[in-house]
Amino acid sequence: MEKSRSVLILCGDYMEDYEVMVPFQALQAFGVSVHTVCPGKKAGDSCPTAVHDFCGHQTYSESRGHNFTLNATFDEVDLSKYDGLVIPGGRAPEYLALTPSVVELVKDFSGSGKPIASICHGQLILAAADMVNGRKCTAYATVGPALTAAGAKWVEPVTPDVCVVDGSLITAATYEGHPVFIQLFVKALGGQITGANKRILFLCGDYMEDYEVKVPFQSLQALGCQVDAVCPEKNAGDRCPTAIHDFEGDQTYSEKPGHTFAVTTNFDGLVSSSYDALVIPGGRAPEYLALNEHVLNIVIDFMNSEKPVASICHGQQILAAAGVLKGRKCTAYPAVKLNVVLGGGTWLEPDPIHRCFTDGNLVTGAAWPGHPEFVSQLMALLGIQVSF
């Protein structure tokens, strides 16, 4: 009988936005129960996050990210219930490494021999817990001197996606290493991935929603899929600015600048028939992508071939413009209901907002809180499984 896995993520104010949300939602999509805690906070409280990006300066830039809602209470943690620990980076580890209750928690977990996965600046906490002495590890480059002083066998992050394994300890340099970082962690938890020899295409645009591109993109990469991203009038290596859409008590979502996202393949000359599935992120990009005939033709080709198409939030504006919603059931961000109905679709209310639906080859979601269901339902259509 398959045994479920439970994981704890150690959070703090101004942890890096991607470095908490990508593993949080990817692991849930793979069937893992994930709890998130922060010292001094309880379930339902939130942590502000930081967007760290590389924009050509001598170090990373920082701006305000999404608000991350905790789902468990730090003071109530029973470590015996968890099979693994994840430590995000960002600025939070600087003060968490000085918090005795955090250091003791990490020491106790380390003593159990269960896997610990730490990324970027998270390794400062490992050093404070005397976990790196004599062990190989990497981190964001500026953390190297502290880890070396703590006795680590330092592995230089010659590229941003470097990951290192030493026994039950998995370390990574930056969020660009998430696909390998998460895959290694899943395997350390006893997971086996099957059916992931798939090629998946993302239709991107400027000011697509930050989470809605990066979370599914890296989740699918972590499974072992080949994932490509294209944007009209852009070539491989060009970058798209993204938008952070958050829910902060106003009548609609707020917007802040997000990370930049690099496309992987030239749009011109794209052979979309060589891919097994299509993913359409939301945000503001779909408003103008829905006016692009080449984009619409790609969507029509995927739908006509009955290959899986997964679209989230405002992405359904593109589906409506392509005329592929007639007779189909779907959801979307509530403000996109008009597009769905006028496009001939049958509207499914996203209640709660993380609800996602599958109708034939079409998976639709309302917003980024639904990523675990969204990715899981796409996995089901592709025949990808994670078993423990």
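## Annotated domains

According to an unreviewed UniProt entry, the annotation "domain: DJ-1/PfpI" covers residues 5–187 and 198–380. The structure discussed here is a predicted model.

In residues 5–187, the end C-alpha atoms lie 12 Å apart, and the span is 28% helix and 27% strand. For residues 198–380, the end C-alpha atoms also lie 12 Å apart, with 30% of the span in helix and 27% in strand.

Strand β6 comprises residues 84–87, and both of its faces are covered. In a regular strand the side chains alternate between the two faces of the sheet. On one side of β6 stand Gly84 and Val86, on the other Leu85 and Ile87, and all of these are buried.

Strand β6 has parallel partners in β1 and β7. Strand β1 (residues 6–10) is joined to β6 by three bridges, and Val7 stands opposite Gly84. Three bridges likewise join β6 to strand β7 (residues 116–119), where Ala117 stands opposite Val86.

## An open sheet of three strands

Three strands, in the order β2-β4-β5, form an open sheet with mixed pairing. Its edge strands are β2 (15–16) and β5 (61–69), each of which pairs on one side only.

Strands β2 and β4 (residues 46–53) run in the parallel sense and pair over two bridges. Within this pairing, Met15 stands opposite Thr49 in β4.

## The surroundings of Thr138

Thr138 is found in the loop between β8 (136–137) and α5 (144–149). With a relative accessible area of 0%, Thr138 is buried. Setting aside residues up to four places away in sequence, Thr138 touches a set of residues including Gln123, Leu147, Trp154, Val155, Pro157 and Thr171.

The C-alpha atom of Thr138 is separated by 43 Å from that of Ala290, a residue 152 positions away along the chain.

## Strands β13 and β15

Strand β15 spans residues 226–230; four of these five residues are buried, so the strand is largely enclosed by the rest of the structure. Strand β13 (residues 199–203) runs parallel to β15 and is joined to β15 by five bridges. Arg199 stands opposite Gln226 in β15.

Arg199 also forms a salt bridge with Asp228, the closest N and O atoms being 3.9 Å apart. This pair links distant parts of the chain, with Arg199 in β13 and Asp228 in β15, 29 residues apart.

Side chains of opposite charge can pair when their charged atoms come close. Asp206 and Lys234 meet in such a salt bridge, at 2.6 Å from N to O. Asp206 lies in the loop between β13 and β14 (208–209) and Lys234 in the loop between β15 and β16, so the pair ties together parts that are 28 residues apart in sequence. Asp206 is partly exposed, with a relative accessible area of 24%, while Lys234 is buried at 15%.

Both of these residues are touched by Pro241, whose contacts beyond four places in sequence also include Gly205, Tyr207, Met208, His259 and Thr260. Pro241 is located in strand β16 (residues 239–246) and counts as partly exposed at 25% relative accessibility. The C-alpha atoms of Pro241 and Gly258 are 6.9 Å apart, although 17 residues separate the two along the chain.

Ser311 belongs to strand β19 (residues 309–312) and counts as buried, at 0% relative accessibility. The side chain of Ser311 reaches the backbone oxygen of Gly315 at 3.4 Å. Apart from neighbours within four places in sequence, Ser311 is in contact with Ile280, Gln316, Leu319, Val363, Thr364, Gly365 and Phe374.

The salt bridges of the model number nine. One further example joins Asp359 to Arg328, with the closest N and O atoms 3.7 Å apart. Distant parts of the chain are linked by this pair: Asp359 is in strand β22 (residues 356–359) and Arg328 in the loop between α10 (316–322) and β20 (329–330), 31 residues apart. Arg328 is buried, with a relative accessible area of 17%.

Methods:
Residues are numbered from 1 along each chain as its sequence is written. This is a predicted model: local features need pLDDT of at least 70, side-chain atom pairs count only at pLDDT 80 or more; totals for chains, interfaces and linings use all residues. Side-chain values use heavy atoms; hydrogens and water are left out. Buried means under 20% relative accessible area, exposed over 50%, partly exposed in between (1.4 Å probe, protein chains only). Helices (H or I, at least four residues) and strands (E, at least two) are DSSP runs, numbered from the N terminus. Two strands pair if DSSP finds at least two bridges between them. UniProt positions are given in the numbering used here, feature names are shortened, and annotations may be inferred rather than shown by experiment. Contact means heavy atoms within 4.5 Å. A polar contact is a pair of N or O atoms within 3.5 Å; within protein, one must be able to donate a hydrogen and the other to accept it, and residues adjacent in sequence count only if both atoms are side-chain atoms. A salt bridge is a side-chain nitrogen of Lys or Arg within 4 Å of a carboxyl oxygen of Asp or Glu.
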